[in-house]
Amino acid sequence: QKRVRMKSDTFPHLSSCSCNIEQWDSDEPVPRSELLEKVAGIRGLYCLLTEKIDAEVLDAAGPSLQVVSTMSVGYDHVSLEELKKRGIRLGYTPDVLTEAVAELTVALLLATSRRLLEAVDEAKNGGWGTWKPLWMCGYGLTDSTVGILGLGRIGAAVMARLKPFGVKRFLYADTGPRPDMATKIPAEFVPLEELARHSDFVVVCCALTPETQGICASSLFSLMKDTAIFINTSRGGVVNQEDLYQALVNGQIAAAGLDVTEPEPLPIDHPLLKLKNCGESVLKPAENGTLQQHRGPPCPQSLLLPQAGQGGTPIPHPQ
């Protein structure tokens, strides 16, 4: 079995915590049965996106559980309603990956719009012949309109990185105006339908909530320009993938760059993975949305959350 019990000084950031720590010592997700067995009687639970923390897990943990910490920006894998019922606090790490994901989003946008992976494939398979004036032409950012769905930390960081490319206009759609972030760019708050109609690039940075589940569907793609680029670095669940596939196949939009999908990873025979000649679809593993300095020894910010949440101590990033 892959579990290992460790002393508290295994992690320097928990050196002052007089507690026993048990870790699942594998890069693979902990089996559900193992998780349910080992949470019994614990006071703090430190989890990843791969663990669904629901009523079943919380019931197995019992009344001793005081705090749950997740090493992630999102927390849609944790049942907030069940935590609230039990008075269990939740900590997450909202700032850890902001810059890394923003950089990745720009990289994915450029790779998709300038058809970089398609060009590399052509060079490798012999498709690169004599020079042709329109061969491998893509779409540029200069004088373009960029629309951001979800103007949070990451959305604002993406805008800041795209601005030097000469973007003419920034639009954003959200649950309401965000003047504190928008005025720095500047960016204009518009309804999602208007964003879709006017944007040359649509970048999804919103959280996955019941309201955003499947929000990027045929109703959105049908409004977009046929030259538009669609980028998603938020959660796979915000996109109806069948509708996206049809939009790419039918030429409703030009291309898509996806950092996240449902499921992850996609089956190797999934239709999206076969789109080479009908919409330059670029997919990459979501694990690349971090930097080396954020891993190695486990993220200090997230490791401190279970300790801070015990005994009523203030928690750094409560939700």
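**Salt bridges and a buried asparagine**

At 30% relative accessibility, Lys38 counts as partly exposed (buried means under 20% relative accessible area, exposed over 50%, partly exposed in between; 1.4 Å probe, protein chains only). The model is predicted: local features need pLDDT of at least 70, side-chain atom pairs count only at pLDDT 80 or more, and totals for chains, interfaces and linings use all residues. Residues are numbered from 1 along each chain as its sequence is written, and side-chain values use heavy atoms, without hydrogens and water.

The structure holds 12 salt bridges (a side-chain nitrogen of Lys or Arg within 4 Å of a carboxyl oxygen of Asp or Glu). One of them joins Glu22 to Lys38, with the closest N and O atoms 3.4 Å apart. Glu22 lies in strand β2 (residues 21-24) and Lys38 in helix α1 (residues 32-38), so the pair ties together parts 16 residues apart in sequence. Helices (H or I, at least four residues) and strands (E, at least two) are DSSP runs, numbered from the N terminus.

Arg32 and Glu56 also form a salt bridge (2.9 Å, N to O). Arg32 belongs to helix α1 and Glu56 to helix α2 (residues 55-61), so this pair links parts 24 residues apart in sequence.

Lys85 pairs with Glu82 at 3.4 Å, N to O. Lys85 is exposed at 57%, whereas Glu82 is buried at 14%. Asp59, Glu82, Lys85 and Arg86 are linked in a network of salt bridges.

Asn232 sits in strand β10 (residues 229-232). Its relative accessible area is 0%, so Asn232 is buried. The Asn232 side chain makes a polar contact with the side chain of Ser234 at 2.6 Å (a pair of N or O atoms within 3.5 Å; within protein, one must be able to donate a hydrogen and the other to accept it, and residues adjacent in sequence count only if both atoms are side-chain atoms).
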